[in-house]
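The sequence and structure come first.

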Amino acid sequence: MTLSRPLPATDETGRPPEDRRHRNRRRWLTAVVIVLLIGVPAGYLVISAGQSRESGRDKEAESSATGLQHLRPSKMKRRIFEVPIPTRATRVRYFETSNWKTSRLYVQFDVDSTQLDTFLTDMGTSRSALTDGHITIGPRDLRTVGWNFDLPGHDWAGTSHRQKAPRPSQDVVVDLTEPGFPRVFVVSTTTP
């Protein structure tokens with residue numbers, strides 16, 4: 001008599017049942033796929049939301065400012081208002097106002113004598129255009145940012161750089177009390 005070997009058990013599809021090692025590998029692969037399909041995009045969304053929230057806070061702080069901010073204006077603002085602040089300028093501060101009629105950028109910074117010449121040249125004017133004792137920034141703009149040019153013992157010089165619209169025009173006042181380290185005050189005005 002011959003004994004036949006028992007046939008391996010099969011499931012409904014006719015395949016042999018999966019062994020423990022194969023089942024564990026399948027479950028692990030399924031978990032990895034779920035993490036990649038759900039976890040990675042969810043992580044990206046969390047990071048993106050955090051960055052967006054921070055950006056919104058920065059914009060909110062900037063728009064709620066009521067005076068000069070101890071920051072350098074963005075390259076875009078400097079380009080729009082054509083205020084070429086020298087790279088090595090120190091104590092840079094700015095403030096921007098905007099309404100339906102005009103936009104103004106108020107900028108203050110300290111430079112050395114050479115940087116002042118470079119700044120004026122880059123803006124389209126020169127040191128020879130500065131008039132001693134001439135304050136070109138009006139009282140309204142002075143009040144807006146709290147500048148005071150009535151200080152005794154200061155050597156002020158100013159110039160106005162007018163350009164055809166839509167390009168901005170600038171009013172510049174320079175404190176030359178310390179000739180080697182002048183302080184520059186600029187109001188750049190543009191009309192959209």
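Q170 stands opposite S188 in β6. Seven bridges join β5 (169-175) to β6 (183-190), and these two strands run antiparallel. The model is predicted: local features need pLDDT of at least 70, side-chain atom pairs count only at pLDDT 80 or more, and totals for chains, interfaces and linings use all residues. Residues are numbered from 1 along each chain as its sequence is written, and side-chain values use heavy atoms, with hydrogens and water left out.

**Strand β5 and its neighbours**
- Strands are DSSP runs of E with at least two residues, helices are runs of H or I with at least four, and both are numbered from the N terminus.
- Two strands count as paired if DSSP finds at least two bridges between them.
- β5 also pairs with β4 (residues 156-161), in the antiparallel sense and over six bridges.
- W156 has D175 of β5 as its bridge partner.

**Burial of β5**
- Seven of the seven residues of β5 are buried, so the strand is largely enclosed by the rest of the structure.
- Buried means under 20% relative accessible area, exposed over 50%, and partly exposed in between, with a 1.4 Å probe and protein chains only.
- In a regular strand the side chains alternate between the two faces of the sheet.
- Both faces of β5 are covered, with S169, D171, V173 and D175 buried on one side and Q170, V172 and V174 buried on the other.

**Nonpolar cores**
- A nonpolar core is a set of buried Ala, Val, Leu, Ile, Met, Phe, Trp, Tyr and Cys residues joined through side-chain atoms within 4.5 Å.
- The largest core has 21 residues, of which F109 and F119 touch the most other members.
- Elements giving two or more residues to this core are β1 (90-98), β2 (103-110), α3 (113-123), β5 and β6.
- α3 supplies the largest share, four residues.
- A second, separate core of 11 residues includes Y106, V145, W147 and V187.

**F109, F119 and aromatic pairs**
- F109 is buried at 0% relative accessibility, and F119 is buried at 1%.
- Leaving aside residues up to four places away in sequence, F109 has contacts (heavy atoms within 4.5 Å) with residues including I85, P86, V92, F119, P182 and V186.
- Rings of Phe, Tyr and Trp (its six-membered ring) pair if their centres lie within 6.5 Å; planes under 30 degrees apart count as stacked, over 60 as edge-to-face and the rest as tilted.
- By this rule there are eight aromatic pairs.
- The ring centres of F109 and F119 are 5.2 Å apart and their planes lie at 80°, so this pair is edge-to-face.
- The pair links F109 in strand β2 with F119 in helix α3, 10 residues apart.
- One aromatic cluster is formed by F95, Y106, W147, F149, W156 and F185.
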